Amino acid sequence: ISAPLEDANYEVGITKNRKCWAYMKTQQEVCECVRSEEFEEHLETRLQSFYWRYNPDKLDEWGKVRNRQSMWKHWKKNEPLLFFELARKYMQKSIKTKNKNRQLEVQRLQMEKAAAVE
């Protein structure tokens, strides 16, 4: 049994409007909005950065992703899924890197949640 869609943002002690506001604020903070004509270049840069951090062997001597034409052909129109799958594949490396700042982020989110309740 699933809850109705309008109850999806419900949490005890927080009104839906306040929780939605906190969600939208967080979404805006992490948004990577780019113009449509810059979209492919942005994705390429994002993918290069990801591989540079988690698997530099996937980059050629100029820092470009190896076999990128075939890779983009395969993932065209499914770019979010590509980055999701990469995150899953490199999760352990990613977790180790992110755990350094995790406690600070948890504290920040707790403070935002407390402010939204008030």
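Modeller: Of the 118 residues in the protein, buried residues make up 19%. Please note that this is a predicted model. The protein has 5 helices and 0 strands, and the order from the N terminus on is α-α-α-α-α.

Biologist: What makes α2 roughly parallel to α4?

Modeller: The axes of helix α2 (residues 39–54) and helix α4 (residues 79–89) come within 12 Å and cross at roughly 5 degrees. Angles under 35 degrees count as roughly parallel, and therefore α2 is roughly parallel to α4.

Biologist: Which residues of α2 and α4 meet?

Modeller: From α2 these are F39, L43, R46, L47, F50 and Y51, which meet E79, F83, L86 and A87 in α4. Sorted by class, the contact of α2 with α4 has 8 nonpolar, no polar and 2 charged residues.

Biologist: Why is the charged end of R46 said to sit over the ring of F83?

Modeller: The charged end of R46 lies 4.2 Å from the centre of the F83 ring. The distance cut-off for a charge over a ring is within 6 Å of the ring centre, and a position within 35 degrees of the ring normal is required as well. R46 is accordingly listed as sitting over F83.

Biologist: How many aromatic pairs does a search of the whole structure find?

Modeller: The search finds 4 aromatic pairs. One of them joins F50 and Y90, with ring centres 5.6 Å apart and planes at 70 degrees.

Biologist: Why is the pair of F50 and Y90 called edge-to-face?

Modeller: Rings pair if their centres lie within 6.5 Å, and planes over 60 degrees apart count as edge-to-face. With centres at 5.6 Å and planes at 70 degrees, F50 and Y90 therefore form an edge-to-face pair. The pair links distant parts of the chain, 40 residues apart: F50 is in helix α2, and Y90 is in the loop between α4 and α5 (91–117).

Biologist: How do you know that F50 and Y90 count as buried?

Modeller: Buried means under 20% relative accessible area. F50 has 15% relative accessibility, so F50 counts as buried; Y90 has 9%, so Y90 is buried.

Biologist: What makes the pair of Y51 and Y90 edge-to-face?

Modeller: The ring centres of Y51 and Y90 are 6.4 Å apart and the planes stand at 85 degrees, so this pair is edge-to-face. Y51 lies in helix α2, 39 residues from Y90. Y51 has a relative accessible area of 8% and is therefore buried. Ring pairs link F50, Y51, Y54 and Y90 into a cluster.

Technical notes: Residues are numbered from 1 along each chain as its sequence is written. This is a predicted model: local features need pLDDT of at least 70, side-chain atom pairs count only at pLDDT 80 or more; totals for chains, interfaces and linings use all residues. Side-chain values use heavy atoms; hydrogens and water are left out. Axes are lines fitted to C-alpha atoms, for helices over the stretch in contact, and angles run from 0 to 180 degrees between N-to-C directions. Helices (H or I, at least four residues) and strands (E, at least two) are DSSP runs, numbered from the N terminus. Angles under 35 degrees count as roughly parallel, over 145 as roughly antiparallel, 65 to 115 as roughly perpendicular and the rest as oblique. Contact means heavy atoms within 4.5 Å. Ala, Val, Leu, Ile, Met, Phe, Trp, Tyr, Cys and Pro count as nonpolar, Asp, Glu, Lys and Arg as charged, and the others, Gly among them, as polar. Rings of Phe, Tyr and Trp (its six-membered ring) pair if their centres lie within 6.5 Å; planes under 30 degrees apart count as stacked, over 60 as edge-to-face and the rest as tilted. Buried means under 20% relative accessible area, exposed over 50%, partly exposed in between (1.4 Å probe, protein chains only).
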